[in-house]
Amino acid sequence: MANDTLSADCLERLGLRQPPFAPAAGEDFLYSDPGIDMPVNTVLRHLEKDQNVVLLKGEKGAGKSTQLLRILARGRDELDFCAFKAREGISLAAIEYTVRQYWKDAAPGVQSNDPLDRFLGRLVEAGMRPVLAIDDAQLLDTEVLKELIQVRRRVHEATGHRFGLLLVGEPEVDERIQSVDDALDVPEAQVSVQVRAFTPEQTTAYLRHRLEAAGLEGPSPLDQEALQEIHQESGGLPARINTVATERLRQHCEGEAGAGSGASGGTPFWRQRWFGPALAGVLLVAALVITLSLLGGGEDEEPRRLPVQSEPLVLPDQPRRTQPETAPQQPQVPELPAPDETSGETPAPAPQERPAPRDRAPVPEPEAPAAEPEAEPAPEPEAQGQPPEPEPTPEPEATPEPETAPEPEPAPTSGAEAQPGAGAQDDMRLHDAAWIRDQERSRYTIQIVLSSSEERIKAYAREVNLPGDVAWYHTRRDGKDFYALIFGSYPGAEAARSAIPALPAEVRKNQPFIRSFGSVQDIMAD
């Protein structure tokens, strides 16, 4: 595999201050023309209108991430971007964690334990224009995309405005968004913008621009024939152009790029590859002749002893080339961290520096939290005879460091505390909405499962027969009725979280998660 760097010696011969085609380069190296600017302008125009989900797609190596950086730079005066890079298997909880941490101090009145739609709605009400820009969006699961679009719709219903959603990725992102549309009653409006490979003329202009930005003042080391060959070999994809062009410059420095097998490109003879071995051979022959002459002589003479050498004979070696410099790593849009929990309250990690909302550079990478949270599936599996197989349960999470030193939690009270295991009640107590409304808003519960059928929820509750307080409630989402089953009443989030591992395995398969009674009471439909 070709190295994407050039040695300092090669750069000096070419008259360059730095590698012209390194993956990481400053703004001076960004090549632009009307054809390249058009996708950027189109994306910004649709984000400002906030009507459509915007897809920016192209082949691998087509320069999508570079175009995203242009969009962030040009649109930061009008829009408030939170940009990050997706990874395979990422959950909505991880996205929510990133959004909350990035904008937690953006507007007054924003509460860290607000549901995501209310959190984003408060930003909109504060006059912000939030946009989620997700690179490598083809890695997002269809269910996560569906959840994001549903959150976007709820924000619109509450505020009259939508937050922007920009999905940057390879062509597979089209298939993902189509699957989401098939699952929705009303497809989401969207616009697709294609990042295309360079034409031969754009490739030539791009190469010349990068060489000049690197300090080239004399004739170009890449002639017209080399420029055409680079375009053909790379297919016009910028990432591939950089690799091929770097290799051509390296060959030029080594005297292998000229026409004809012996062309040296004007390199002095003592820097040619053959000079070192040839010189060594000549010196070896000379040393052999001298040795034979010393050993020879008249028959009557005693053999002469060669003088003992204190050091071995050192032959001039082939001129050495400076080792290639290591290229700085390409700036990337940051990857998502794994959050600490998905429920109403999110533990705050170590403080992070955050740029002002109206003047921000590409998003800094948020610090990864201690462990992956219990993510709420959306919608959650319906409770039937055997609940559907959920995603694998995340590994046990480390206890997050609270913002303030927690006070000792009170001991569970009889009848108000439900926890499986030692000390639990023997019989299940199934409650309705009235019991839920009687609970203090600051207390916590464990949500077990969600279903579109009230009868299924009750049947499932009787089937699992959890010992303690079990309750169900009615809620509405996107105009549809849903029924949720919750378990227990706990004085705090930590107490509720610690009870999850003690639940039966068939219940844990549903990926239960904790939430405050206040958040449950807010979404109850009756």
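A residue is called buried when its relative accessible area is under 20%. The structure shown in these views is a predicted model.

**View 1. C82 and V99 in the largest nonpolar core.** At 1% relative accessibility, C82 falls under the 20% cut-off and therefore counts as buried. C82 is one of the residues touched by V99, together with L116, F119, L120 and L132, leaving out residues up to four places away in sequence. V99 is itself among the members that touch the most others in this core of 36 residues, a group that also includes W103, I134, L140 and L167. At least two core residues come from each of several elements, including strand 2 (80–85), helix 4 (92–103), helix 5 (116–125) and strand 3 (130–135). A second, separate core has 25 residues, among them F21, A214, L222 and V244.

**View 2. Strand 5 and its pairing with strand 1.** The two strands run parallel and are joined by five bridges. V53 has Q190 of strand 5 as its bridge partner. Within strand 5 (residues 190–194), V191 and V193 are buried and point to one face.

**View 3. The disulfide between C10 and C253.** The S to S distance is 1.8 Å. C10 lies in helix 1 (residues 8–14) and C253 in helix 10 (residues 238–253), so the pair, 243 residues apart, links distant parts of the chain. The torsion about the S-S bond is about 75°, which means that the disulfide is right-handed. C10 counts as buried because its relative accessibility is 4%; C253, at 9%, also counts as buried.

Terms used: Residues are numbered from 1 along each chain as its sequence is written. This is a predicted model: local features need pLDDT of at least 70, side-chain atom pairs count only at pLDDT 80 or more; totals for chains, interfaces and linings use all residues. Side-chain values use heavy atoms; hydrogens and water are left out. A nonpolar core is a set of buried Ala, Val, Leu, Ile, Met, Phe, Trp, Tyr and Cys residues joined through side-chain atoms within 4.5 Å. Buried means under 20% relative accessible area, exposed over 50%, partly exposed in between (1.4 Å probe, protein chains only). Helices (H or I, at least four residues) and strands (E, at least two) are DSSP runs, numbered from the N terminus. Contact means heavy atoms within 4.5 Å. Two strands pair if DSSP finds at least two bridges between them. A disulfide is a pair of cysteine sulfur atoms within 2.5 Å.
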